[in-house]
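Please take a look at the salt bridges in this protein.

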Amino acid sequence: MAYIQFLGAAGTVTGSKHLINTSSDPSGKDGFQVLVDCGLFQGPKDWREHNWRDTPVPAKEIEAVILTHAHLDHCGWIPRLVKEGFRGAIYATSPTIDLCGIILPDSGHLQEEDANFYNKIKKSKHDPALPLYTLEEAQASLQYFKAAQVGQTVQLSPELSFRFVRAAHILGSCMAEISLTTRGQTRRMLFTGDIGRVRDHAIAPGKVVHSGPTEGEIADLVVMESTYGNRLHPKEDPMPELAALITATAARGGSVVVPAFAIERTQKFIFLLKHLMESGQISRIPVFCDSPMAIKAVEIFLKHDEEYTDETRDMIRKYGSPLAWPGFTFASTAEESKKINAVLVPSVIISSSGMATGGRILHHLAQRLPDPRNQILFIGFQAPGTRGFTIKSKSPEVKIFGDFVPIRAQIAALEQFSDHADPPELLQWLRTFRNRPDITYLVHGEPDASGKMRDVMKKELGWNVEVAQYLEKVEVR
Ligand SMILES: [Zn+2]
């Protein structure tokens, strides 16, 4: 019987990698092997060390990768898979391929920087410290990508085919419907990847891309994410609070500094600012988007307007390209970035990384954190152990560039901007299924989140649900 093996994002939210093996032999010999997602483990060190271990099956024996979307925890291990001998096709939508074209080389560059840093301070267990993959290796891996259109059936082998349906999580994101036909019997599997918010503009504001995952699915087996299985998103519209925060900061002569993920979150936020200014809810103050990757991503967003919500389409029709909005400055060079330090009038500065673990946001924070007139605004999840978490927890100081910087600026967080559905939204979507799947495996969640999601699905839907375990093999019956 064919089986699925969970090679990542089981017991944790990163490292998504699910292997399907069509072999009728339990050893997996002679089966066709395909990976759904090939993500990087991030966060706690114990998990990150898995990035350095080989897959339990040799990379060259994996014949294809189906990639749901361009977040690093889903695509960031692809260059390593190729480095270890994978030569098959990597199927993704064309926006996902475009986004991977900037994200993977950037990830390779960061891996090289990290290795150089550890070699300089000689703190690595390995001598010399090596990057997981280089920028060049990341670029080389891009040649294996193959575009698949949403809804198009792709035959991978005589018995295995798949098609993408929309997940509405980020630009280009999809779920993979996979069909396995053996001995005249077809089994339908649905791998959700990450699932976007429901179709309610008020509670999922500023969604740049399609709202709501595809409804009316049919599946015998589901592998579903559970990132927010134990949390609820606030249901109030965040816009009045956002407007009030910006207005109050400007009134006291300060600036609003927003650490934001370069892909999707930054784009969403600049659209919201534009809306607040155009509708007169905040006064016109300069806005700086200081992230070369975010700017490249905006260009990719503009290219794929078929992905937009009606609100996004309206806004571009009304105001033109977001890259040419008056009062908005997009800083791509280091010089342009440094110039923002000299801006002493009230402004909004959006920069990455989103959890202040690196990137240009660091010099803005180092400059603006000590002044109580300024406002630091978090619009994304801050993982424990990151600088973003330290600042959000209102610690007295935070270490940046080797110095302790006092935290005197105002700190606020708006939790409504998540791109993951929460349990009520997931249930709303699951209720649109046209059948009751035989089994659902929950992945991509901390153990508590996955456990709570399993319980709520059993209680509310009466479904058969299990939490996937790391390296566990489950039969496709
Ligand atoms: Zn994601």
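A salt bridge here is a side-chain nitrogen of Lys or Arg within 4 Å of a carboxyl oxygen of Asp or Glu. The model is predicted.

Q: How many salt bridges does this rule give?
A: Side chains of opposite charge can pair when their charged atoms come close. With the 4 Å cut-off, the count comes to 24 salt bridges.

Q: How many residues apart in sequence are the parts that Asp98 and Lys303 tie together?
A: Asp98 and Lys303 form a salt bridge, with their closest N and O atoms 2.7 Å apart. Asp98 sits in helix α4 and Lys303 in helix α8, so the parts tied together are separated in sequence by 205 residues.

Q: Is Lys303 buried or exposed?
A: Exposed means over 50% relative accessible area. Lys303 has 55%, so Lys303 is exposed.

Q: Which residue forms a salt bridge with Arg187?
A: Arg187 is buried, at 14% relative accessibility. Its closest N and O contact in the salt bridge is 2.8 Å, and the partner is Asp438.

Q: Where does Asp438 lie?
A: Asp438 is partly exposed, with a relative accessible area of 43%. Arg187 is in strand β10, whereas Asp438 lies in the loop between α13 and β20.

Q: Which helix holds both Lys452 and Asp448?
A: The side chains of Lys452 and Asp448 meet in a salt bridge at 3.1 Å, N to O. The two residues are four apart, about one helical turn, in helix α14.

Definitions and conventions
Residues are numbered from 1 along each chain as its sequence is written. This is a predicted model: local features need pLDDT of at least 70, side-chain atom pairs count only at pLDDT 80 or more; totals for chains, interfaces and linings use all residues. Side-chain values use heavy atoms; hydrogens and water are left out. Buried means under 20% relative accessible area, exposed over 50%, partly exposed in between (1.4 Å probe, protein chains only).
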